[in-house]
Amino acid sequence: MSFDTVVGQAALTTTLKNAVKSGKLAHAYLFCGPRGVGKTTCARIFAKAINCQNPTADGEACNECESCQSFNEQRSLNIFELDAASNNSVEHIKTLMEQTRIPPQLGKYKVFIIDEVHMLSTAAFNAFLKTLEEPPAHVIFILATTEKHKILPTILSRCQIYDFERMTVQNTVAHLKHVAEKEGIQYEEEALAVIAEKADGGMRDALSIFDQAASFCQGNITYQKVIEDLNVLDSEYYFRLVDDALANKASEAMVLLNDVINKGFDGGLLIQGLAKHVRNVLMAKDPQTLPLLEVSDQQRQRYQQQAQQCPTPFLYKALQLMNQCDINYRQSSNKRLLVELTLIEVAQITQPEEGPASGRKPRRLKSLFKQLMQQTQPRKAAPQVAAAAPKPQTEERSAQSTQGVQSTQNVQKVPASQPKLKVSSLGTSWNNLRKAGKMNILPGTPGIEAVNRHQEDVPFTQEDLELQWLAMCNRMPQQLVGIATRMKNMNPVIVELPKIEVVVGNELVKDEMEKIRGSILNTLKRDLHNSTIELIISVDEHHEEVKILTRLEQFEEMSRMNPSIEKLREAFNLELA
């Protein structure tokens, strides 16, 4: 009913009240901003204050004069309100413009409020523009919209533009407290904060949710009842997940995830909420970013307490992992597994690295239950196995990558008659090949010959070929992810040992593979321990398309092959439907 009752728009309402007091009014105003922040409400209050016969000293309407009473009773002839969403044609605008010629019968101005003005058609905008350029002295237009960018620049340049702000959580909670106290409803501040966060900056949405929660809670709005009514995941889960991640308790995080899914919440919703929670914890670490937390005072204290325990690198890495999970969630065929892997990786961020501290270590999942497995081992000194020569660096790094499994087993002496399995024979990474300068090696260069000079060519099977082919595709670098995805769907075949043939779908794929042919061949030679491998890349020959017959053509073909069918049709006088 008055400017003082508008929440969160103090600067705009002060400007409008000063314009009413001074009498310096523009002929067109544009109120723009998100939904539910008071645009149409301010337009109605402003229209009433303009025509008030006895405005107060603050610029408010008196609510006592004939103009104010007619407006309150919705019988004012000086204020017209048009919904442009349903009246967006040229005819509607022309009808409205004809009414501008008639001066007001009571009051000083005729005020036209056009809501959702961005919905007007281009022709309607052009028809409205002429009147907006040269309006009568007794006409004032107030336009309201949520999408200012859709309005023509020629319209914008002729209006005073007022940008309404989103409602902050603090302003929304304060207004909900006022409403609750006025209505005699008991409440918890955390419950009102949940309602404010759910409203996402819209006061109208906040009041609607508040009414819903008040009906559900029967006059006593509590935090537990609100999250139950609104189907919101309790923030306590997020605090517990972060605590478990700091303590490297991946198993407890899995139990929490299962509990959340059993309550009917989606795994993607958990990841999004956890990412928002970690972001809030990061904001709480610095006093300068603390005002960015749109939460209640009690929640802000909890965020500050947890922020003191979380290292900043942990928060950065956790945000990166959860953002990647959110990107891949929709495309994943096993969504729960994706969420579980993400939580496992988050729980391992603060776990100490295995192996030497220097050097670049391959990305891998660390052993989840290493401490538990070490406790079950018999406490005895492992025998020292003498080595005739030092391990190559690549073999040492490969051994570190499997340390999560091999370090938990008792070291035993291998009999002399039993061949020793070298970890380096399991394959090497594409990144190591690139580091060694073999990324663009062509067949027959000294690089690959030096690798295989000391070993004999070993025959391999189709199963070995498919295994190493898939492993090679998984290790290919990021810039080759496109061709690597296509290569995973290919089936290399041993034509005649050691010749390998790969059939591709078209010439474009063949050209892409020819660019990295040397790297593919060298990798296969190395992993299959055979330097005589030959690679043949051929294009699949498309067979002639088979014509799809209609029902009539199928019947005619059957009748031609079997004349008895035609006799049956004639005997029963049948027709094909």
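Which residue in β9 is the bridge partner of Ile-494? In β9, that partner is Ile-500. The model examined here is predicted, and local features require pLDDT of at least 70, side-chain atom pairs count only at pLDDT 80 or more, and totals for chains, interfaces and linings use all residues. Residues are numbered from 1 along each chain as its sequence is written, and side-chain values use heavy atoms, with hydrogens and water left out.

The secondary structure of the protein chain comprises 27 helices and 10 strands; helices (H or I, at least four residues) and strands (E, at least two) are DSSP runs, numbered from the N terminus. Of the 577 residues, 39% count as buried, where buried denotes under 20% relative accessible area, exposed over 50%, and partly exposed the range in between (1.4 Å probe, protein chains only). Contacts are defined by heavy atoms within 4.5 Å. Among contacts between residues at least 6 apart in sequence, 71% join residues at least 24 apart.

The mean pLDDT of the protein chain is 76, and 81% of its residues reach 70 or more; pLDDT is the predictor's confidence in each residue, from 0 to 100.

Strands β8, β9 and β10 form an open sheet in the order β8-β9-β10, with mixed pairing; two strands pair if DSSP finds at least two bridges between them. β8 (493-496) and β10 (534-539) each have a single partner strand and stand at the edges, so one side of each is left without a neighbour in the sheet. Neighbouring strands are turned by 35° against each other on average, direction ignored. The pairing of β8 with β9 (residues 499-504) is antiparallel and runs over three bridges. Two helices pack on the sheet, and each touches β9 and β10: α24 (residues 507-515), whose direction makes about 160° with that of β10, and α25 (residues 517-528), for which the angle with β10 is about 135°. Axes are lines fitted to C-alpha atoms, for helices over the stretch in contact, and angles run from 0 to 180 degrees between N-to-C directions.

The structure holds eight aromatic pairs. Rings of Phe, Tyr and Trp (its six-membered ring) pair if their centres lie within 6.5 Å; planes under 30 degrees apart count as stacked, over 60 as edge-to-face and the rest as tilted. The pair of Tyr-29 and Tyr-162 is tilted because the ring centres are 6.0 Å apart and the planes stand at 35°. Tyr-29 lies in β1 (residues 28-32) and Tyr-162 in β5 (residues 160-163), 133 residues apart. Tyr-29 is buried at 1% relative accessibility, and Tyr-162 is buried at 9%. Phe-80 and Phe-112 form a stacked pair, 5.2 Å centre to centre with 10° between the planes. This pair links β2 (residues 79-83) and β3 (residues 110-115), with Phe-80 and Phe-112 32 residues apart. Phe-80 is partly exposed at 25% relative accessible area, whereas Phe-112 is buried at 0% relative accessibility. One aromatic cluster is formed by Tyr-29, Phe-31, Phe-46, Tyr-162 and Phe-164.

Charges also sit over rings, under the criterion that NZ of Lys or CZ of Arg is within 6 Å of the ring centre and within 35 degrees of the ring normal. Arg-302 lies over the face of Phe-239 at 4.0 Å from the ring centre, and Lys-335 over that of Tyr-329 at 5.7 Å.
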